[in-house]
Amino acid sequence: MLSAGEMLALDASEIAMLLYEGSNTSRNLARDGRLTLTLPLDHGLCEMRLRATAKKQEGRHRYFTAVVEDVRQHRSTTPMSFQAVTFRLHDPTAVLARWSRQIEMLQGLK
């Protein structure tokens with residue numbers, strides 16, 4: 001699972017990510033490069049399959065870029081209710097400040 005401060009869309013087909021070096025996600029992407037993002041969209045789900053490449057290390061973070069390889073939209077014609085994973089920030093001021101710094105780092109690494 002990635003948070004809002006860890007990803008930046010560079011354009012319609014490429015996403016930059018700044019992940020903690022020791023995280024499972026970072027290790028898996030470095031090893032395999034496969035990534036699936038699933039987002040709620042238009043009364044259904046949008047599933048994006050991407051291929052990630054490790055770019056460089058910045059302190060305790062590893063920078064990746066991922067290119068979209070396939071997009072599928074899953075819609076239902078019957079009424080359905082989707083409930084996404086939600087987060088409650090225990091210290092919103094600190095978390096939002098950290099996410100802002102991480103987004104600035106991603107913008108500087110383009």
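1. Strands here are DSSP runs of E with at least two residues, numbered from the N terminus, and two strands pair if DSSP finds at least two bridges between them. Leucine 39 stands opposite cysteine 46 in β4. The hairpin of β3 and β4 has 2 residues between the strands, and aspartate 42 there takes a positive phi near 45°.

2. Please keep in mind that this is a predicted model, where local features need pLDDT of at least 70 and side-chain atom pairs count only at pLDDT 80 or more, while totals for chains, interfaces and linings use all residues. Residues are numbered from 1 along each chain as its sequence is written, and side-chain values use heavy atoms, with hydrogens and water left out.

3. β4 also pairs with β5 in the antiparallel sense, over 14 bridges. Alanine 52 has alanine 66 in β5 as its bridge partner. In this hairpin, again with 2 residues between the strands, glycine 59 takes a positive phi near 60°.

4. Both of those alanines, Ala52 and Ala66, belong to the largest nonpolar core, which has 12 residues. Such a core is a set of buried Ala, Val, Leu, Ile, Met, Phe, Trp, Tyr and Cys residues joined through side-chain atoms within 4.5 Å, where buried means under 20% relative accessible area (1.4 Å probe, protein chains only). β4 gives the most to this core, with 4 residues.

5. A second, separate core has 6 residues, including Leu8 and Tyr63.

Note on methods. Buried means under 20% relative accessible area, exposed over 50%, partly exposed in between (1.4 Å probe, protein chains only).
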